[in-house]
Structures are given as C-alpha cells and as structure tokens.
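Subject: Structure for your review

Dear colleague,

Please find below the structure that I am handing over to you. I would be grateful if you read the notes after it with the model open beside you.

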Amino acid sequence: MEYKLRTPKLLPAPKSALWGDGFLEWEKAEFQIDENGLPCGNFLDVQYRPNENPEHYRVSITPDGIAVEAASEAGARAALQTLRQIGMQADSRGFRFCELEDSPDLSVRCFCLDLSDGRVPNAENLRLLADRLALFKYNRLELDLTGVYPFEGREARWAGRAVMPPHRIASLKNYCRALGIELSPRLGAAETQPDEKPLAEISANFDCRDIAFTGVLPDSPEAEKLSAVCEKLGLDALFCADSFYVPRDSEKILARADAHLGFCPNFDAAKISVEAACDSAKKTGARGAVLEARLGLFAPMSAIHPTAAYAAAAMWGDRAAEELVCEALDSFVFYDSTGDFARAVCALSRVDSSGLTEKLLTAPAAELPKIAAEFAYLDLSVLRGAVDFAMGLAATSKPESRDARILSAEFALAGALLNASLDRLSEADAQTFEARKTAYRFAVSDFENVWAARCELGGLWDASGKLRAARAEFFGK
C-alpha cells in the first residue's frame, strides 16, 4: 500500500519545524510518561540545557530514536505534548523524522472554568478537561468556585448546589501537577467578604499564590481590603479591570479573553476577544493570558474546545486558522476520522449570535411578544437551517474519544433544545403543536440524563426546573 507523506498538524504550531522523509518505526517510537509527568523510554533521551525561557525545548526524531533537549522539566513536558500530538497522527510507519524547536510567548497560559452557575463536571470529566488542556500546552487551570465551595458555617448558602469540596480539589490538583498544570482559585468578591477566615480556608487547597476576584474594581475600597487580607495570608490578589486581571502594587498582570458560553456559543466573537487579549499581553509585557469559559446551563461541553484550542495557539505563539483548529480537535480531542465533529461544533456556534435562542428557551410566555418584537429582523427559517446544517455534520461524524457517547448525546440535545426554543415563536396547527409538545418533553428528559452523565447533580434542578416551567407554561401540563 502506498502512503502519502503527510505532515503532522501541531497546535500550538512550533516556531521551527523541519520534517524529514523517513520514519522512526513504532518499536523505537513508543515512549512512556513517568510518575512526574515527564517523557521516558528505551529509545528516548532527555537532556537539560539552560535557556532564558524555561519552557524551551528541542525534539529530534531520527533513525536512532527520540532526543529531547529542554531548559527545565516544564520544557520537557511541553515536548511530551508535542510527541503525543505526533503519535496521534502517526500511521503504521511510525513517527516521521523531524527537528523541532519551540518556546512560548507567554509564561502563564490559563484556562478559567466558571463553575458559579452550579454546572460542575464530575471528577472524571474534570480530569479529561485537564488532560486536553495539557495537550494544548496550557499550564494553569483556574476554577471559579463562587457558590460551589462549601465554606465552613455557610452550609445554607450552598445546600443543593453542585459542590467542589477540599478532597475533590486536592485530587484534581494532584492530577494537574503531573500534567504540569497549576490549579488556582477565583471567587466573586460580593459573595466572599474581605474576611481572613474564608480566604485562608480556600487558599489552603491550592499551591498557587494568585487568587482572582470578580465583581470589584482594582482601585476600590473593597479591593484594598481584600488585598490587605491576601497579603497577610501570603497571597497575590488579582482584580478584573476591563481586559486584565490587575494585582495591586505589583507587575503580575494577566490579560483576559472571554468565551462565555450561553446556550449557543459564538466562536467568532470568542476569537476576537482572544486575539485582542493576546496581542495586548505581548505588547504590554504581561506575564500571561486567561481564557474565561462559562459553561452556562445548556451549552454542550464540546462548545468549549474550539475556543480553547484557538486561544492555546495565540497564547503560545501565532494565531491558528480555523481549519487547523478543527483538524487538531478531531485528531487529539474527538478522535474523529471523518473530520466532521469539530466542524459541527463550529457550525453550531454560528446558529445565533443575537441571543434570541437563549432568551426563548426559558422565557415566561408573557415575555414572548416582547422578544418577538425585539428580534423581528431575524428569519427563523434561516436559524433552523443553520441548526440542521450543524446537526447534519454531527450525524456523519464518528468521534471515538472516551467521552464520545456523551459528546454525541449532548450535541443531539443541543439541536433539540435550539429547535424547541424557536418553536415558541412559530405558528403551528393542532397536530404540529402536539408534535412539538412531545419533542419538548423528550428533550427535557434527555437533558437530565445528559447532565447526569457529565456533571454533578447539584445545579441540575435549577436548570431542569427552568425548562420544565417553560414547557408547562407554553404547552400546558
């Protein structure tokens, strides 16, 4: 059989890459990961040589094996992720010969997962997310624990919510440490009064000395009080100011990009935010950048990945074309040989950038005329066509990742909920109305099953309650 000489797609793209015509056979190309998260193997040699950038690395794949030269263990871990990406695209011939050299533009590349809505992935899915972030060379995972951390004495405030207790944080922290990812906390300042006890309680769970706060300006009296308490505890308080996390009286600035996911995420808008944040960080000399992602209550988990991959490339070096992002996701995250699932996710993000579908999904019936008037310029048939296009791509895809069944179920559910939201503004005869009523009932039931497969149950009742209330009001009991 004749094979094409395919160049592996790497994301982030290395700053220097020379590819040879030969291949290192699998007997020598196989490598392991030791207990410290570093590459090892009989035909893999790791050498450390100082460099001004601690994450600098070189990878050489030759007939003799794999040679890694790294400035530190962080550089060796970055090289490991590159080797993983090469391996995921290798065929029966083995690893293609190459000479790679690379280092990141920004030293802190952070993904912030906002759990404050109560949608908290279970332990297995948090580890899966961390593994995928490491693959794209993120080195920090920030958790917004507002409303989900069980502070002592505040049980009434978090009862019934999805909770991230200390033992779950410790387990995730240990897992992330082996991946070279630092776990850090974020809190809403309004919910966390400038009190030493709760800040000491939560910071004890993290090795990172940064603690980020939302809902308070850096120069406000509230920020001053929080800073004083944090300083006493040996913490660096970071506050949100426009597109930056700004610490008081230091240079530890982190640029911020938003990828807040409502019901229908918008990849195009997120790309603009990522580009602005990364350009600003590099021009101002900020130490890094943060991509903020909020799952919301109804977005499929897969909606995170295009923006996460795109931001990873921009934080490390150059922006990536959407085609490369999709190829990387299908190769390393979804394991989809058809190449359709990542494109389906991107297509879903373009169904509606106006916010109409999210408003319609749970709006009281009395508000529907007002919503209809506000969005009268939109053609519902065009939105339905966009949903059908995304669902069609997903239907032909064949993801084989370890969460493939959940990915497919989430995506099908997203399509059903999108159409259900549009139904609320569409005229229908009696027969069509009954069909929509049945479809909505099944969608709500599927929503609860899909949530339980991926997330802790705490936030489910609030989300499901909103859907059930909308169904009862629109369709009757």
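The notes below go through strands, cores and a few individual residues.

Please keep in mind that this is a predicted model.

Together with helix α3 (residues 123-135), β8 and β9 make a right-handed β-α-β unit.

A further sheet deserves attention. It is open, with five strands in the order β1-β7-β5-β6-β4 and mixed pairing. Because β1 (16-24) and β4 (44-48) stand at the edges with a single partner strand each, one side of each has no neighbour in the sheet. On average, neighbouring strands of this sheet are turned by 15 degrees against each other, direction ignored. β1 and β7 (residues 95-102) run antiparallel and are joined by six bridges; here W19 stands opposite C98 of β7. Helix α2 (residues 73-89) lies across β1, β4, β5, β6 and β7, and runs at about 40 degrees to β5.

In soluble globular proteins, nonpolar side chains tend to be buried together. The largest nonpolar core in this model has 111 residues, and F111, L145 and F213 have the most contacts inside it. Helix α9 (residues 304-316) gives the most to this core, with nine residues. Another core lies apart from it and has 23 residues, including L24, I61, I86 and C98. As for L145, its contacts beyond the neighbours within four places in sequence are L115, M164, I169, R186, L187, I202 and F206.

R454 lies in helix α16 (residues 430-454). Is R454 buried or exposed? Its relative accessible area is 2%, which is under the 20% cut-off, so R454 counts as buried. The side chain of R454 makes a polar contact with the side chain of D403, at 3.0 Å. Leaving aside neighbours within four places in sequence, the residues in contact with R454 include P121, N122, N125, L128 and M301.

Finally, there are some points of backbone geometry. Most residues other than glycine have a negative phi, and most peptide bonds are trans.

- A cis peptide bond, with omega about 0 degrees, joins L11 and P12; P12 is in the segment before β1.
- K137, in the loop between α3 and β9, has a positive phi near 70 degrees. With a relative accessible area of 4%, K137 is buried.
- D242, in the loop between β12 (236-241) and β13 (244-247), has a positive phi of about 55 degrees. D242 counts as exposed, at 75% relative accessibility.

With kind regards

Definitions and conventions: Residues are numbered from 1 along each chain as its sequence is written. This is a predicted model: local features need pLDDT of at least 70, side-chain atom pairs count only at pLDDT 80 or more; totals for chains, interfaces and linings use all residues. Side-chain values use heavy atoms; hydrogens and water are left out. A crossover is right-handed if, with the strands pointing away from the viewer, the path from the first strand over the helix to the second runs clockwise. Helices (H or I, at least four residues) and strands (E, at least two) are DSSP runs, numbered from the N terminus. Two strands pair if DSSP finds at least two bridges between them. Axes are lines fitted to C-alpha atoms, for helices over the stretch in contact, and angles run from 0 to 180 degrees between N-to-C directions. Contact means heavy atoms within 4.5 Å. A nonpolar core is a set of buried Ala, Val, Leu, Ile, Met, Phe, Trp, Tyr and Cys residues joined through side-chain atoms within 4.5 Å. Buried means under 20% relative accessible area, exposed over 50%, partly exposed in between (1.4 Å probe, protein chains only). A polar contact is a pair of N or O atoms within 3.5 Å; within protein, one must be able to donate a hydrogen and the other to accept it, and residues adjacent in sequence count only if both atoms are side-chain atoms.
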